[in-house]
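Thanks for coming. I'll take a few minutes on one structure, so please have the sequence and the model in view.

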Amino acid sequence: MSSKGKDVAAERSSSRSSSSTIPPSHVDHQQQQQPAPLSRYESQKRRDWNTFGQYLRNQRPPIALPQCNSNHVLEFLRYLDQFGKTKVHLQGCLFFGQPEPPGPCTCPLRQAWGSLDALIGRLRAAYEENGGLPETNPFASGAIRVYLREVRDSQGKARGIPYKKKKKKKNLMKPNTNIGSSSFPMQ
């Protein structure tokens with residue numbers, strides 16, 4: 001092959017490789033279209049929503065989301081207790097009412113009230129984000145609030161830890177003792 005032929009062949013291969021590469025502006029545009037990673041809350045909410053949907057599908061017969069009511073939600077919360085890590089002493093247990101029992105007992109492990117409360121909040125939001133109406137939201141029913149209150153109170157008594165509602169801090173302004181005078185030095 002002559003030197004001219006080599007030059008033409010090299011030119012063709014370089015033009016092929018440069019035409020097959022994506023221009024930098026196009027690459028930047030593709031990267032901009034990728035969605036931002038979900039926050040921890042959004043990821044957990046999606047995971048909880050999928051778990052609840054799977055729970056409904058596994059029921060015999062399966063329950064469609066529009067037929068779901070507060071009773072199904074209560075059954076789901078009770079089902080989750082088997083995966084709990086919080087020791088809840090029974091009324092007859094020697095350690096009932098002791099926050100730090102000195103020994104082991106056979107009392108069951110349950111989901112902690114705070115975990116259930118947060119779960120219901122995420123599922124309540126996810127229900128409405130997925131097309132559910134606020135008026136028909138099974139996670140917002142009075143029965144769920146009553147159940148959560150009972151769990152909170154029973155766990156508080158069983159563990160000797162009362163749950164007290166945090167008082168909102170009032171934003172008290174200090175009275176200005178220098179009324180009429182400026183805090184700036186006089187010159």
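Helices here are DSSP runs of H or I with at least four residues, numbered from the N terminus. With that naming, Gly160 sits in the segment that follows α6. Keep in mind that this is a predicted model.

Let me stay with Gly160 for a moment. His89 lies 71 residues away along the chain, and its C-alpha atom is 9.7 Å from that of Gly160.

Next, helix α5, residues 113–129. It has 17 residues and spans 24 Å from first C-alpha to last, close to the 24 Å expected at 1.5 Å a residue. Its buried residues include Trp113, Leu116, Ile120 and Leu123. What do the buried residues of α5 pack against? They pack against α3, α4 and α6. Just after α5, Gly131 has a positive phi of about 95°.

Last, the pair α3 and α5. Their axes come within 9 Å and cross at roughly 80°. That angle falls between 65 and 115 degrees, so α3 is roughly perpendicular to α5. On the α3 side, the contact includes Tyr41, Trp49 and Phe52; on the α5 side, Leu119, Arg122 and Tyr127 are among the residues involved. By class, this contact has eight nonpolar, two polar and five charged residues.

Conventions:
Residues numbered from 1 in each chain as written. Predicted model: local features only at pLDDT ≥ 70, side-chain atom pairs only at ≥ 80, totals over all residues. Heavy atoms only, no water. Axes fitted to C-alpha atoms, helices over the stretch in contact; angles between N-to-C directions. Helix = DSSP H or I, 4+ residues; strand = E, 2+ residues; numbered from the N terminus. Parallel < 35°, antiparallel > 145°, perpendicular 65-115°, else oblique. Contact = heavy atoms within 4.5 Å. Nonpolar A, V, L, I, M, F, W, Y, C, P; charged D, E, K, R; others polar. Expected span 1.5 Å × (residues − 1). Buried < 20%, exposed > 50% of the residue type's maximum accessible area, 1.4 Å probe, protein only.
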